Amino acid sequence: MNGPWVEKYRPQTLDEIVGQDHIIQRLKRYIEEGSMPNLMFTGPAGVGKTTTAIALAKAVLGDYWRQNFLELNASDARGIDTVRNNIKNFCRLKAVGSPFRIIFLDEVDNMTKDAQHALRREMEMYTKTSSFILSCNYSSKIIDPIQSRCAIFRFAPVKGRHVMERLNVIANAENLKVSSGAIESIVYFSEGDMRRAVNILQASSTVDDEITEESVHDVVSKAKPKDVRKIVNKALDGDFLGARDLLREVMLVQGTSGEDMVTQIYQEVSRMAMEDLIPVDVYIRLIESIGEYDYRIREGANPRIQLEALLTRFLLKTKAD
Ligand SMILES: Nc1ncnc2c1ncn2[C@@H]1O[C@H](COP(=O)(O)OP(=O)(O)O)[C@@H](O)[C@H]1O
Ligand SMILES: [Mg+2]
């Protein structure tokens, strides 16, 4: 294995980035215009924020992008002063071969409010010569004066078909044999996080010659979605013992933790509600119970007892109707 695939297959251009079409289209206008305002990229992990920032900087700055691009992590262990000094030193230089420079500051939501105010002053000071791209998971953690100085781009979890599309590109490049069931489970487990999807694919590729649903499950050691659905259905049908036995089997065979199982029950129930397999009022009450048992398990109660107790709530919910 030669290095992590998430790096090997990090898209180098905006066109290689899957999903986020709306964002990419808007960003391409900056390339045409050869200038850009300060930008803020917000959204969950592994959806292409960092990748997009780098690809955009390369496209806007052209051949001289290296000299004119500074990438910093706001949660730098050496402290925010180091980050600010780096920005100052960089901004002191004149842009070479390009009318302006780009500073990419990753994980800005980890900065304290004070540090954010200092950053805002720097953004103002260098506004004529530099554009900032800030990236964060939650824009709500960023102070208003910074938000109002940025064009905000909200990155969504990557849709299943786009995750699939990218996984197939990588599988082809690596000459992998991957069953369609395997791809589907990677999509399921990655929950729109492309970094996770690529990591699971790479880890599974070392298990077997042909990647199957089983090799993927070996890697993530979580229950199969269809097994979880069976457990939920049995419980909803009033077959408590059947549901309980299947739950025990799945957890044993797959080595699923209590936390993972309750999360997967939650995902499966949500999916079933979306597919109109459970009425909304029942769904609401199930979520209430799942929330309660999730909390208990995370607080340290015996996961097996809690999960089985949760299944009894499923019986009662349907009976009440
Ligand atoms: N939209 C996407 N299209 C293609 N690959 C992606 C996408 N999003 C993430 N990746 C893959 O996941 C890795 C991590 O992406 P990254 O841009 O660092 O995510 P973020 O900054 O949103 O956490 C990239 O190296 C790339 O391999
Ligand atoms: Mg990132």
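Let me start with where ligand 1 sits: in this predicted model, domain 1 (20–154) and domain 2 (160–220) both give residues to the shell around ligand 1, so the ligand lies between them. That shell holds 20 residues, and the closest of them are Arg10, Gly48, Thr50, Thr51 and Met194. If you look for the elements that give two or more residues to the shell, you will find helix H3 (49–61) and helix H10 (194–205).

Let me step back to the chain as a whole. The domain assignment gives, besides domain 1 (20–154) and domain 2 (160–220), a domain 3 that covers 225–319, and the centres of domain 2 and domain 3, taken over C-alpha atoms, are 26 Å apart. The chain contains 16 helices and seven strands, and its C-alpha trace spans about 70 × 45 × 35 Å along the principal axes. Of the 321 residues, 35% count as buried. When we take the contacts between residues at least 6 apart in sequence, 75% of them join residues at least 24 apart.

Before I go into single residues, a word on confidence. The mean pLDDT of the chain is 89, and 94% of the residues reach 70 or more. Confidence is highest in strand S1 (residues 39–42), at a mean of 98, and lowest in helix H13 (residues 240–254), where the mean is 83.

Now to the interior. In soluble globular proteins, nonpolar side chains tend to be buried together. In this model the largest nonpolar core has 53 residues, and those with the most contacts inside it are Ala57, Ile102, Ile133, Leu134, Ile186, Ala197 and Ile200. Domain 1 (20–154) and domain 2 (160–220) both give residues to this core, so the core, like the ligand, lies between these two domains. There is also a second, separate core, this one of 22 residues, which includes Ala235, Leu246, Leu286 and Phe314.

Let me turn to Ile170, which you will find in helix H8 (residues 160–173). Tyr30, by contrast, is 140 residues from Ile170 in sequence and 29 Å from it in space, C-alpha to C-alpha.

Glu107, in the loop between strand S3 (101–106) and helix H6 (113–125), has a positive phi of about 60° although it is not a glycine. Glu191, in the loop between helix H9 (180–190) and H10, also has a positive phi, near 50°, in a residue other than glycine. Both are partly exposed, Glu107 with 17 C-beta neighbours inside 10 Å and Glu191 with 16 other C-beta atoms within 10 Å.

Two further residues complete my list. Asn137 lies in the loop between strand S4 (130–136) and helix H7 (144–147), and with 16 other C-beta atoms within 10 Å it is partly exposed. Beyond the neighbours within four places in sequence, Asn137 is in contact with Thr42, Pro44, Ala45 and Asp109, while its C-alpha atom is separated by 8.5 Å from that of Val108, 29 residues away along the chain. Ser180 belongs to helix H9 and counts as exposed, with 10 C-beta neighbours inside 10 Å. The C-alpha atoms of Ser180 and Met164, which are 16 residues apart along the chain, are separated by 9.5 Å.

Technical notes: Residues numbered from 1 in each chain as written. Chains lettered and ligands numbered in written order. Predicted model: local features only at pLDDT ≥ 70, side-chain atom pairs only at ≥ 80, totals over all residues. Near = placed C-beta within 6 Å. Helix = DSSP H or I, 4+ residues; strand = E, 2+ residues; numbered from the N terminus. Domains from an automatic or database assignment. Core = buried A, V, L, I, M, F, W, Y, C linked by C-beta atoms within 7 Å. Buried ≥ 20, exposed ≤ 12 C-beta atoms within 10 Å, placed from the backbone. Contact = placed C-beta atoms within 7 Å. pLDDT = per-residue confidence, 0-100.
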